[in-house]
Amino acid sequence: MNLPKIVSEFRNGLAAGELLVQNCNECGKPNMWPRYACPLCQSENLGWLKSAGKGTLHSFCVLRQGAPGGFEADIPYAIGVVNLDEGVQLAVRLQPEGEEDWSAYRCDDRVEFVGKEDGRECALFRRSAS
Amino acid sequence: MAENWTLHTSPGAANDPVFVGVGEIRTGRFPERGFIEALTRVAILALKDAGMVPRDIDTILLIPNLHSAADQADLVFSRMVEELGIHGSCKSSYMVHSGGSTSDNAVRAAHGLIAAGHAQNVLVLQCERWGSADLNEMITMLSKNGIPGEWELPTGIQFNAIGAMITRRYMHASGSTPEEMAAICVTLRNWANLNENAMFYEKPLTVERVLSSQMVADPLHAFECPPMADGACAFVMTSTENAKKRGIGSAVRLAGSGGCVSHYCLSQEPDQAVLGWPLAAERAWNQSGWGPQDADLLEIYDSYAAVTAIALEGIGIAPKGEGARWIAAGNGDPGGKLPLNTNGGLLSAGHTGVGGGTALLVEGIRQLLHRAPSKRQIEGCQRAIIGGTGGSYMDAQILLLERTKPGA
């Protein structure tokens, strides 16, 4: 199946170790998730900016049972919602600190982009050193 | 400031739509009970409750299921026309869908159809077989509902993960303790113990038991996750004019509604501890002239305790940050200040997918018709607030229902 261009470009960015945020070439505002037209000005003239990869953890969880099909082997894993400093939000995986340990994570922690989650088309984040 | 949308119907007006009957069968695990079989049974129960026969129905609205892609894809609404023997006379049949808030939107659809004259007698039907479905197939199917496959699904997110994130954000924002969150589950169980149709009827629960159950998705324990159930229910709406002609003495009308679709996928919600409830409530008050103090009972979506606590704050029943403590203090319990989810809710009557909200709505109508079993009937109740939400808690929907006397 051919992936839509916005999906393949976002994923190519992850594979290259970059977190890309869609940016409207008309109004200059960032969008996340990437859209087919800018939700603010409806322009289809859309590009990308490379995120600085810093943000705040809005919330997160550690899934220990009931993975969706294909994710069984990943259990346990932590999912978070990050509010990037660029002003957009996205869902990510969170890096454990030691063996399967996310116990030090808190809502509103400062977090940073690590890279692409191994084997998954999503971003991996960790707590920033304070 | 929310808009002030006038409802173009008024109490006693000929075209004012009213609820006149409900039907429901037991919620739990009934693998031998078929999908169409259950829909047929609740249809007939609701019609009998309304004093009607199938031929009286001109419009069938179906609430979808999430147990089976095949049952979802089929045109079950028109199959039900045939099963009830009204093919050839029924005017229209179709499905309404907004996930867990479908029942609220189905009411708006039926209300508009009746008020405008497109329909006279509308039958709304729901059946879900989550309790008997293949668990892995169901989790995978649910992972495609309110979760964008290209953006969020690669994280491995699913429904309990969504509930867990909302719960964690809510606990962080409000300072609610694990004990206070668990106490909400106990309140719901106390109501389920008065409902013979509930999955957990006569199965008492304690805070200690909740907190000692397995961790499923931190911070959610197993007993804080919704129990997947089979269930079915139905309701009938007609016009006040028809209700009068039929000699119906008591009915329930819609005093107003409000809603807000705050996101599609959870990562795009700006504040998981607030969601769409404040704007939905403001719209509902503007349309009805009601305030949070005007309800005799609440039927608010409760797939996770935090979802209900957040709604109570947005609706203004509890002060900001106090939703969980308001419930934990027993305010919503049997005999409490303001009864909450009198059927036991999704967490204790059973989560019947899209039907969990329908069951709460049907319970609210039943209470206002004064037809609940005496042990849980709220004596003399006149007004109820119904709250629903769908998908990844993408919307907040509020219906304000009041008892009325069509013949008076």
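Author: Two residues are in contact here if their C-beta atoms, placed from the backbone, lie within 7 Å. This is a predicted model, where local features need pLDDT of at least 70, side-chain atom pairs count only at pLDDT 80 or more, and totals for chains, interfaces and linings use all residues. Residues are numbered from 1 along each chain as its sequence is written, and chains are lettered from A and ligands numbered from 1 in the order in which they are written.

Reader: Which residues of H6(B) and H11(B) meet under that cut-off?

Author: On the H6(B) side you have Ile166(B), Thr167(B) and Tyr170(B), and they meet Ala306(B), Val307(B), Ala309(B) and Ile310(B) of H11(B). Both helices are DSSP runs (H or I, at least four residues), numbered from the N terminus.

Reader: What makes that contact 6 nonpolar, 1 polar and no charged?

Author: Ala, Val, Leu, Ile, Met, Phe, Trp, Tyr, Cys and Pro count as nonpolar, Asp, Glu, Lys and Arg as charged, and the others, Gly among them, as polar. Sorted that way, the contact of H6(B) with H11(B) comes out as 6 nonpolar, 1 polar and no charged.

Reader: Why is H6(B) called oblique to H11(B)?

Author: Helix H6 (residues 159–174) of chain B and helix H11 (residues 305–315) of chain B pack at about 50 degrees, with axes 8 Å apart. Under 35 degrees would be roughly parallel, over 145 roughly antiparallel, 65 to 115 roughly perpendicular, and the rest is oblique. So H6(B) is oblique to H11(B).

Reader: And which hand does the crossing have?

Author: H6(B) passes H11(B) in a left-handed crossing, meaning the near helix is turned anticlockwise from the far one by less than a right angle.

Methods
Axes fitted to C-alpha atoms, helices over the stretch in contact; angles between N-to-C directions. Helix = DSSP H or I, 4+ residues; strand = E, 2+ residues; numbered from the N terminus.
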